[in-house]
Amino acid sequence: MKVFPTARRQHQKLEVTLLSARNGHRSLQVALRSEEHRVVLVRVVAPRLGNAALKVQTYRVGTVKVHSHPTDTPLAEVVRSEVGPYPDPLFPLAKEISLEGSRTETIWISVFTPEDTRPGIYLGAIEIDAGKRKLRLPFRVEVFAATVPKQQKLWVTNWLGLSRK
């Protein structure tokens, strides 16, 4: 789901469960919005089961300016009809995020489950500190015994036609 800077809260899920095979990656995103400018601290607690922890990387979702849509693409097939900032690049997350008033910022959290991970439910959290307001958003990663192969093969054929219509 693309979360645009103008997006308002659409739905809120207070606890997220990710399903993961071993040697697999899973991701989730958190949208932050304030009606006034404020600086918030963001900390991700890696999902744990006993002494074992999964690997977590956190990013801030940046935007790119889209000036027009492809001319041959019907509007029904584009992400949205408006041009402007579109969420796309991922930048390493600093501990602090400056929230502009009435603008949504998105955090992307990627969880990697190593191949030797024991199956089970791993508990993690996203902690947001906005001064007087503090939020803790728990999430779970359910790891299964299935393992994604280290080397994956994806056969792709690209067709190129040179005829004119």
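Biologist: What percentage of the 165 residues in the chain do buried residues make up?

Modeller: This is a predicted model, where local features need pLDDT of at least 70, side-chain atom pairs count only at pLDDT 80 or more, and totals for chains, interfaces and linings use all residues. Numbering starts from 1 along each chain as its sequence is written, and side-chain values use heavy atoms, with hydrogens and water left out. Buried means under 20% relative accessible area, exposed over 50%, and partly exposed in between (1.4 Å probe, protein chains only). Among the 165 residues of the chain, the buried share is 31%.

Biologist: Which element of the chain has the lowest confidence?

Modeller: Confidence here is pLDDT, the predictor's score for each residue from 0 to 100. The chain has a mean of 87, and 96% of its residues reach 70 or more. Strand S1 (residues 16-22) is highest at 94. The lowest mean, 83, belongs to S7.

Biologist: What is the radius of gyration of the chain?

Modeller: The value is taken over C-alpha atoms, and the globule rule is 2.2 Å times the number of residues to the power 0.38. A compact globule of 165 residues would come out near 15 Å. Along the principal axes, the C-alpha atoms fill a box of roughly 65 × 50 × 25 Å. The radius of gyration of the chain is 20 Å.

Biologist: Which residues touch the most other members of the largest nonpolar core?

Modeller: A nonpolar core is a set of buried Ala, Val, Leu, Ile, Met, Phe, Trp, Tyr and Cys residues joined through side-chain atoms within 4.5 Å. In soluble globular proteins, nonpolar side chains tend to be buried together. Out of 21 residues in this core, the most other members are touched by Val-30, Leu-32, Val-40, Ile-97, Ile-126 and Val-141. At least two core residues each come from S2 (24-34), S3 (38-49), S7 (96-99), S8 (103-113), S9 (120-130) and S10 (133-147).

Biologist: Is Val-30 buried or exposed?

Modeller: Val-30 sits in strand S2. Leaving aside neighbours within four places in sequence, its contacts (heavy atoms within 4.5 Å) include Ile-107, Ile-126 and Leu-137. Its C-alpha is 8.4 Å from that of Glu-105, 75 residues away along the chain. With a relative accessible area of 10%, Val-30 is buried.

Biologist: How far apart are His-69 and Val-83 in space, C-alpha to C-alpha?

Modeller: His-69 lies in the loop between S5 (55-66) and S6 (84-92). Its relative accessible area is 19%, so His-69 counts as buried. Beyond four places in sequence, His-69 touches Leu-75, Val-78, Arg-80, Ser-81, Glu-82, Val-83 and Tyr-86. Along the chain His-69 and Val-83 are 14 residues apart, and in space 7.4 Å.

Biologist: How many salt bridges does a search of the whole structure find?

Modeller: The test is a side-chain nitrogen of Lys or Arg within 4 Å of a carboxyl oxygen of Asp or Glu. Glu-127 and Arg-136 pass at 2.4 Å. Arg-38 and Glu-36 pass at 3.1 Å. Over the whole structure, the salt bridges come to nine.

Biologist: What is the N to O distance between the side chains of Glu-35 and Arg-8?

Modeller: Both Glu-35 and Arg-8 are exposed. Their side chains meet in a salt bridge, with an N to O distance of 3.7 Å.

Biologist: What is phi of Asn-23?

Modeller: Most residues other than glycine have a negative phi. Asn-23 lies in the loop between S1 and S2, and is buried at 17% relative accessible area. Its phi is positive, near 65 degrees.

Technical notes: Helix = DSSP H or I, 4+ residues; strand = E, 2+ residues; numbered from the N terminus.
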